Amino acid sequence: MKEIKTDIAVIGGGPGGLAAALEASKTGVRVLILERDFELGGILQQCIHNGFGLRYFKEELTGPEYSQRFINMLKDSDVEILRNTMVIDLKPDKTITAINRTDGVITVKPQAVVLTMGCRERTRGAINVPGDRCAGIFPAGLAQRLVNVEGYMPAKSVVIVGSGDIGMIMARRLTLEGVEVKAVVEVLPYAAGLIRNRVQCLEDYKIPLYLCHTVTHIHGKDRVKGVTIAQVDDKWRPLKGTDRFIDCDTVLFSVGLIPENELSEKAGVVLGSTGGPVVNELSETNVSGIFAAGNVLQVHDLVDWVTLEAQRAGKNAADYVKNLTRGVAERGRIKVLPGDNVGYVIPQFIDYLGGDTQVQFSFRPKGPAKDQQTLIESGGTVLAKRKHQHVIPSEMINIVTKVDPFAIKNKEITVRIVPQPEEEKKQ
Amino acid sequence: MFTAGVDLEPMSKNTTFDVAIIGAGVTGASIAWALAKYDLKVAVIDKEADVAMGTSKANSGILHAGFAAASNTLKTKYNVIANPMFDKVCADLKVPFNRCGTFVVAVRDTEMGYLNDLLRQGTENKVPVEIITDSKRMHDMEPELTKDAKGVLYAPTGGIVSSYELNLRLCECAAMNGTTFFLDAPVTSISIKKEHFAIKTPRKEVKARYVVNAAGLFSDKVEQMVGLHTFNITAWKGEYIILDKGSITLNHILFPTPTKQSKGIVVTPTTHGNILVGPNNIFYEDREDVATTTEGIWEIIEGGDKLIPNLPLRKVIHNYAGLRAKADTGDFVIGPTSVERFFNAGGIQSPGLSSCLAIGIDIARMLGEAGLPLKSRSEYLGVIPKPFCLRETPLEELDAIIKQDPRAGHVVCRCETVSEKEIVEAIQRPLGARTLDGIKMRVRPQMGRCQGGFCTPKLLKILSRELKIPVEKVTLKNNNSPLLFGRTKGLKSEVWQE
């Protein structure tokens, strides 16, 4: 069995892994990326639409273009890469077991690990959609891979369940390939994905979006023959008498993404409400020296945020290896809690291990609202404030702010989204 | 093009088989397995493109102890004989099996009477059973069990078995010993000739001297093809949800107290570490309608919740349904008929899986009594070597295997950790997989939490390469279930090669 020693092992070579590896490598430590696919870039390789990089590169790129920029930078770095390599185990002492065709079983013993395994799609089964189990039922991302990477047509006429970004993007993509997109069905009263995708992928192509609707049955013994959809009440229960049959040969599901943390759990990493690890401000999990970034930590709206988050995790992992982050005396953990209209906040803890008081808070609102403000508070004192014209669950909010350790009361910080006061709105 | 289904035909076109078994579910498979020991020409005919495509792949996967039915029924007779056989047969055929024991749980004082009835029935059936009322003991044995439990009937000989793998391996064993399988071959008529039966299917006519009807949900229809009408089948749907590995730990199969209609909604571990909840019991006109329903899913969630409170529903990965073939006689229909050399093994609902091995052996005995010469086969292969399984292989050994066969180091399915080697072997084995469902049933890709979201393109390509058919010709379960409608951008249709 082959053994590899390295300073930092990055598990997953998608946008998160690439950014973390590059940033860590810049500090001079040895970095190894373990990638299960035959190429780097992760899910971006199948995202051939544009819209990537507006924040990070200030220009509009396709998914493969965005990842290629990092892959090119990697060529000039000392980062080592193992492709076609599947990590099958991760121990709390950070020992990694991986396998591939040429090396057989590989043991990697790094000083630090960055988890960047990304996420998977929520399935039809996970949301208990009843009906037949026939051919023609695909997660939207699988259909995207079949069309964009493999070059096969999975549909002639399709109903898309869920208005997540991948679903809306696939509505446009399949339309362009000549598929009849009969409907996008969304249980929420608003589109679940980004507004720009609703406009550019559905409205521009006159694809009907049925809000407050759900699929109550998938029909077809061998291949999909159609779906029954129905309107729902506010508890998402189908309303009697609103059933309608839509004939189609394919159903795509775009009903959310789940951070993929089965490996993290093997190492004893504790998961939080995002489905990703609970982390401190350094993106370090409860297991010392294991960091997490990108969609494995929280599902992002834009890849640009993944890059920034992973760069920080990569840098922090390098500092860990160099013993730079344990110089400051621990003040005891500060809990970061979601308050009004906030679904979750990353990080869940501040440990002040880095000696820096700058913290990036990432979170999502639970529901849409206009003229809001975010308040980051401790014991009634506002530590930071940010105004928003509107907030919507599909858009992550990122606030970087200094958090004065001496301003914190009861070892707790709360992040909440509340309406702006009337007098401030007018300004 | 015929892609799904196989004909393993060592015989010439005009072969008259000694025995034809109609139905390749677990009953037909057990009969074929029992007959494979003898020097006979046996055919198995099934309407589906693979074996184990009906009730045998969508059930609770439970080996019943044998305390549920009256002692004078065939259900009890075969269940009690077959139960102890599972350890050896599953070991020989490499079928996942665990004799974990059964709990029947009374959650109200008024239900304790049912436990006493079952205790009496079990004792009469000579099945080891005891009633546990000590709350500490039952929760030590089953920590997640509802605190409402007033008492449980404990049957240590109950177990869990992978029903579709048992079905497959019984068929594989039969195939290794020369049994011919005609798949994708629905029987349309049977004519009684002087010396044999002529069994018509759209693809082929099969001649056989003896016929065993193991046609499950259609066993009454098959019987009618030879002019008999001794029973009627109705289809009773049972729906299930399945939870991911690691959702909760269960040590036993948990039953509620039974109703007149069924054994109730069970919460059980599976042999692969998942948790299964179901089934309900609803009559359906359509004997092929295995769709799940909103009402059904809620019914089983509520049912499961009575035994294990707060089932972790966010760990649900799939729902499915199967149909029970219930005979109006109230029991299994097994044995010779008034048509000479035509045998029934129909109406095999629960405990059919638990009884199948004994039914197979008994049908073989009855065929012998009816004149079929049962001479032992000189070179009988009764043990299947353990196929390679990545996740069960120690690392040192795995490293050596990968050096020999690099495909063992290529993980295709990340959720269940399945290598390309296992998938290729599942295709190449006797009665190998021809479809995505065939791969799923044999070696588990698409069975896990992503439900094929990641591995499907790879599976399509491997099936294409191994079966030498274009990728878009690969199907889900039969010729009517293609996944793809051709290529984009006018790309050429082709067999995939790396």
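In which loop of chain B is Pro279(B) found? Pro279(B) sits in the loop between strand S16 (275-278) and strand S17 (282-284) of chain B. Helices (H or I, at least four residues) and strands (E, at least two) are DSSP runs, numbered from the N terminus. The bond joining Gly278(B) and Pro279(B) is a cis peptide bond, with omega about 0°.

The model is predicted: local features need pLDDT of at least 70, side-chain atom pairs count only at pLDDT 80 or more, and totals for chains, interfaces and linings use all residues. Residues are numbered from 1 along each chain as its sequence is written, and chains are lettered from A and ligands numbered from 1 in the order in which they are written.

Chain A has its own cis bond. The peptide bond from Ile346(A) to Pro347(A) is cis, with omega near 0°. Pro347(A) lies in the loop between strand S21 (342-346) and S22 of chain A. A further backbone feature involves Asn128(A). Its phi is near 55°, a positive value in a residue other than glycine. Asn128(A) belongs to the loop between S9 and strand S10 (137-139) of chain A. Most residues other than glycine have a negative phi, and most peptide bonds are trans.

Domain bounds come from an automatic or database domain assignment. For chain A, this gives domain 1 (1-121 + 257-326), domain 2 (123-255) and domain 3 (329-427). Taken over C-alpha atoms, the centres of domain 2 and domain 3 of chain A are separated by 35 Å. For chain B, the assignment gives domain 1 (1-95 + 159-232 + 328-386), domain 2 (102-156 + 233-327) and domain 3 (390-473). In chain B, the C-alpha centres of domain 2 and domain 3 lie 32 Å apart.

The two chains touch. In this contact, 42 residues of chain A meet 45 residues of chain B; two residues are in contact if their C-beta atoms, placed from the backbone, lie within 7 Å. Six elements of chain A each supply at least two residues: strand S6 (86-90), strand S7 (96-100), strand S8 (104-115), strand S9 (119-121), helix H3 (140-150) and strand S14 (213-219). H3(A) gives the most to this side of chain A, with six residues. By class, the side of chain A that touches chain B has 17 nonpolar, twelve polar and 13 charged residues. Ala, Val, Leu, Ile, Met, Phe, Trp, Tyr, Cys and Pro count as nonpolar, Asp, Glu, Lys and Arg as charged, and the others, Gly among them, as polar.

S14(A) also takes part in a sheet. This open sheet of three strands has the order S14-S15-S16 (chain A), with antiparallel pairing; two strands pair if DSSP finds at least two bridges between them. S14 and strand S16 (244-247) of chain A stand at the edges with a single partner strand each, so one side of each is left without a neighbour in the sheet. Neighbouring strands of this sheet are turned by 30° against each other on average, direction ignored. S14(A) pairs with strand S15 (residues 226-231) of chain A in the antiparallel sense over six bridges. Within S15(A), Ile229(A) is the bridge partner of Val215(A).

Another open sheet of chain A has five strands in the order S22-S20-S27-S24-S25, with mixed pairing. Strand S22 (349-350) and strand S25 (381-391) of chain A stand at its edges, each with a single partner strand, so one side of each is left without a neighbour. Strand S20 (residues 334-338) of chain A and S22(A) pair in the antiparallel sense over two bridges. Lys335(A) stands opposite Phe349(A) in S22(A).

Two packed helices are described by the angle between their axes and the distance between the axes. Axes are lines fitted to C-alpha atoms, for helices over the stretch in contact, and angles run from 0 to 180 degrees between N-to-C directions. Helix H1 (residues 15-26) and helix H7 (residues 303-321) of chain A pack at about 40°, with their axes 7 Å apart. That makes H1(A) oblique to H7(A). Angles under 35 degrees count as roughly parallel, over 145 as roughly antiparallel, 65 to 115 as roughly perpendicular and the rest as oblique. The residues of this contact divide into twelve nonpolar, four polar and two charged.

In chain B, the axes of helix H2 (residues 74-82) and helix H9 (residues 352-369) come within 7 Å and cross at roughly 85°. H2(B) and H9(B) are therefore roughly perpendicular to each other. Their contact has seven nonpolar, three polar and one charged residues.
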